[in-house]
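Please keep both at hand while reading.

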Amino acid sequence: MCGIVGYLGPRPAVPILVQGLERLEYRGYDSAGIAVLEGGGLLVEKRAGKLAALKSHLNGNMAGAQVGIGHTRWATHGRPSDVNAHPHLDCTGRIAVVHNGIIENYQELRQELAAKGHRFISETDTEVLAHLVEEFYAGDLLQAVFKMLPVLRGSYALAVMSADHPRELVGARQDSPLIVGLAAGETYLASDIPALLPYTRDNYILENGEVAWITPGEVTVYDANGSRKSKEVFHVAWDLQAAEKGGYAHFMLKEIHEQPRALRDTLAGRLKDDGRVRLEGVNFTPEEAAALEKVAIIACGTAHYAGMVGKYLLEKLLRLPVEDDVASEFRYREPILNEHTLGLVISQSGETADTLASLREAKKAGAQVLAITNVVGSSVAREADHVIYTWAGPEIAVASTKAYLTQVASLYLLALHLGEKRSHAPWAQEIAGGLKDLPDQVEEVLKLEPRIKELAGRIAPHEHAFFIGRGLDYPVSLEGSLKLKEISYLHAEAYAAGELKHGTLALIEEGTPVIALATQAQLLEKMLSNIKEVKARGAWVLALTQEGNTAVTEEADAVLYLPPVPSILAPAVTVVPLQLLAYYTAVARGCDVDKPRNLAKSVTVE
Ligand code: F6R
């Protein structure tokens with residue numbers, strides 16, 4: 001996730017671009033840059049680090065420019081650096097491009113373009129776009145963009161400018177947001193509405209496949225076939241605060257809704273049709289993969305619960321012993337590790353102190369370390385031997401949602417990768433096929449939101465709640481209960497459903513909410529007995545299960561039906577209603593959802 005802006009009109013472009021980027025910094029902040037047209041040529045300034053670094057460098061320069069594009073980056077391909085920052089230029093330095101999204105086939109395109117003599121200077125996928133426009137350019141910028149789009153695979157919102165077309169910008173969108181702002185005599189481009197609110201409230205919201213040809217104060221929108229389209233102007237009535245959250249009441253809710261996109265990006269380009277995966281950044285030889293004797297999963301909090309899902313599935317699929325630890329314990333329990341151990345470290349921020357220290361511990365013991373993290377260039381990413389990036393984009397709410405889901409998706413990708421390398425993955429096609437369906441299934445589950453809001457009203461007045469599940473449902477129960485605790489301050493506990501009768505059952509009273517996860521086909525009967533146990537003690541049971549599991553639905557007081565996802569993939573779907581349940585319970589209890597008390601987003605102390 002990155003932010004892009006563009007301006008074309010009579011006013012100085014630089015302050016408008018910079019202010020737009022300030023408002024888009026929540027979409028990414030590891031580097032920023034702008035390109036403007038001045039004196040007949042393109043001037044580009046870009047800097048690694050937050051936008052402040054670019055701003056102090058600009059220092060009032062380029063004041064005469066009236067057209068430009070800008071970008072604030074959340075690195076995916078290539079670490080955060082000056083050279084990888086956008087905009088990117090073609091070989092002539094007369095075409096500049098900014099891009100949000102992922103070009104899945106950039107490696108093939110890069111090779112083809114390099115063979116034709118194009119020179120690349122960055123590690124990004126975006127740079128191919130500038131060279132493709134150059135390749136297709138024959139005097140008409142818009143036509144060059146039209147010719148480029150069909151060769152791209154992946155997602156993009158992009159803005160293109162050329163020194164040879166000083167009064168034009170071209171924007172295009174596929175699976176990443178892009179809006180065109182309209183005002184008298186001037187036109188804007190941006191990833192999101194807040195960037196343009198100081199200048200205009202009238203926008204065209206581009207749809208997938210649409211291309212916008214922009215001249216001062218005028219916009220023509222085309223569909224993917226190059227036919228002109230008439231579009232309705234969208235007038236924004238939100239205030240700035242609401243606009244930054246995309247119209248959602250909280251960042252957490254926005255991030256919950258971003259999950260289909262986050263999943264698509266995390267799987268993009270990595271999953272092949274034949275069940276094989278390509279994980280750049282993970283470089284096991286078949287011999288190294290075959291020599292692995294144990295996996296040690298290390299993480300904290302939500303990331304640890306994603307890791308527990310990983311334990312269940314790596315053991316089940318790879319038949320490889322897996323341990324899981326919270327990082328704060330791992331370091332001090334003198335774990336037994338050697339060069340045949342894979343240390344698997346999971347961290348959204350990549351900076352959690354205990355996780356980082358555990359990573360170092362594992363490396364010292366001779367283990368290879370693979371990190372799953374959301375932040376390119378983070379400490380964990382730099383120090384690990386292998387990295388899988390979750391392409392969730394910046395997570396702003398303290399309670400992790402989209403990062404968790406993409407960590408889980410990455411664990412499936414890792415299982416596929418190791419299975420392939422260890423030459424035993426008869427399940428690969430089924431898992432790969434199922435993974436492809438996940439973003440749509442998560443979209444389906446999000447439609448349960450109104451019903452979940454109602455159910456949250458039933459839970460909110462209580463002071464205690466319990467989550468139960470078996471097999472892969474158990475770690476998801478733990479994550480559901482953590483979400484509820486941390487944002488609603490309601491005491492919640494998760495139990496392996498078979499454990500209840502060894503103590504916890506004593507806490508169940510008349511009306512106690514019990515959230516029962518029943519998605520694991522082979523464990524349904526056992527789960528049913530556990531539901532009956534709590535019902536017999538007066539619990540109010542909310543069950544999450546696939547449609548058709550009638551015995552469960554007959555027993556429960558309320559049911560949320562999940563799409564027909566295979567048991568092994570259920571954790572990537574079941575967690576979403578639990579996130580919404582926690583969210584709406586917290587709202588009903590009047591809590592500060594995005595900034596729960598006593599907590600911080602990144603825990604850099606032990
Ligand atoms: C809970 C939550 C935390 C983090 C934990 C680890 O919603 O977000 O439990 O998962 O602090 O943080 P990272 O993943 O940054 O290492």
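## Basis of the model

The model is predicted; local features need pLDDT of at least 70 and side-chain atom pairs count only at pLDDT 80 or more, while totals for chains, interfaces and linings use all residues. Residues are numbered from 1 along each chain as its sequence is written, and side-chain values use heavy atoms, with hydrogens and water left out.

## Annotated regions

An unreviewed UniProt entry carries the annotation "domain: SIS" for residues 284-424 and 455-596; such annotations may be inferred rather than shown by experiment. Residues 284-424 are 46% helix and 20% strand, with end C-alpha atoms 15 Å apart. For residues 455-596 the content is 41% helix and 21% strand, and the end C-alpha atoms are 22 Å apart. Helices (H or I, at least four residues) and strands (E, at least two) are DSSP runs, numbered from the N terminus.

## Helix α10

Helix α10 comprises 18 residues, 301-318, and spans 25 Å between its first and last C-alpha atoms, close to the expected 26 Å (1.5 Å times one less than its number of residues). Of these 18 residues, 13 are buried (under 20% relative accessible area, 1.4 Å probe, protein chains only). Arg319 follows α10 and has a positive phi, near 55 degrees.

## The largest pocket

The largest pocket holds about 1100 Å³ of space. A pocket is an open set of points on a 1 Å grid over the protein atoms alone, with protein on both sides within 12 Å along at least five of seven lines; lining residues have an atom within 4 Å of a point. Its lining has 42 residues, and Arg173, Asp175, Ser176, Pro177 and Arg261 are the closest to the centre.

Helix α8 contributes the most to this lining, with five residues. Because domain 1 (3-244) and domain 2 (258-437) both give residues to the lining, the largest pocket lies between them.

## Enclosed cavities

Three cavities of 30 Å³ or more are found in the whole structure, a cavity being a set of points where a 1.4 Å probe fits but cannot get out. The largest cavity has a volume of about 90 Å³, and its lining includes His77, Glu104, Arg270 and Trp391. Domain 1 and domain 2 each supply at least three residues to that lining.

The second largest cavity contains about 70 Å³ of space. Its lining has 13 residues, with Arg73, Thr76, His86, Asp125 and Thr126 nearest the centre. Strand β6 gives the most to this lining, with three residues.

How values were computed: Buried < 20%, exposed > 50% of the residue type's maximum accessible area, 1.4 Å probe, protein only. Points joined across faces, edges and corners; volume = space filled by probe spheres on them. Domains from an automatic or database assignment.
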